[in-house]
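Hello,

Here is the structure we talked about, followed by notes on what was found in it. Please open it beside this email while you read.

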Amino acid sequence: MDLYIYYRAPRAQAQQLQTQVNAMQADLRRKHNIAIALKRRPPQTTNSPATATTAEAFDTWMEVYLAVPDDFENALQRAFDLAAYAALIDGTRHIEYFLDCTPCV
């Protein structure tokens with residue numbers, strides 16, 4: 001099963017957030033032997049000056065953990081608490097699981 005976590009964070013916090021998440025993910029990769037990724041949605045362009053200020057102030061981030069073990073979410077929560085980047089996030093982290101689809105033959 002793959003685990004995807006997305007959240008918003010102020011663009012002004014991007015470098016600090018990326019540093020802290022990268023360190024946490026490197027530790028999780030070593031401990032659990034899993035593939036990970038950190039992604040950030042490209043900035044969206046808008047023609048409205050009112051929405052441009054709000055839209056440009058935040059980025060959406062995605063943490064990706066592939067083929068995680070069954071008990072991984074507990075380890076991830078402990079790592080998240082230790083990494084202490086919750087204060088850099090606007091709102092909540094959304095956690096979703098996805099399964100690979102088996103091809104029909």
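Leaving aside residues up to four places away in sequence, A9 touches L17, A57, F58, D59, W61, L88, I89 and D90; contact means heavy atoms within 4.5 Å. This is a predicted model, in which local features need pLDDT of at least 70 and side-chain atom pairs count only at pLDDT 80 or more, while totals for chains, interfaces and linings use all residues. Residues are numbered from 1 along each chain as its sequence is written, and side-chain values use heavy atoms, with hydrogens and water left out.

A9 lies in strand β1 (helices, H or I, of at least four residues and strands, E, of at least two are DSSP runs, numbered from the N terminus). A9 is buried, with a relative accessible area of 1%. Buried means under 20% relative accessible area, exposed over 50%, and partly exposed in between, with a 1.4 Å probe and protein chains only. A9 and A57 are 48 residues apart along the chain, and their C-alpha atoms are separated by 8.5 Å.

Now to the helix. The buried residues of α1 are A14, L17, Q20, V21, M24, Q25 and L28. They are on the same side of α1 because they cover an arc of only 140° around the axis, taken from the directions from the helix axis to the C-beta atoms. These buried residues pack against β1 (2–10), β2 (35–40), β3 (58–66) and α3 (72–83). The face turned away from the buried side of α1 carries the exposed residues Q15 and R30. After α1 comes N33, with a positive phi near 55°.

Regards
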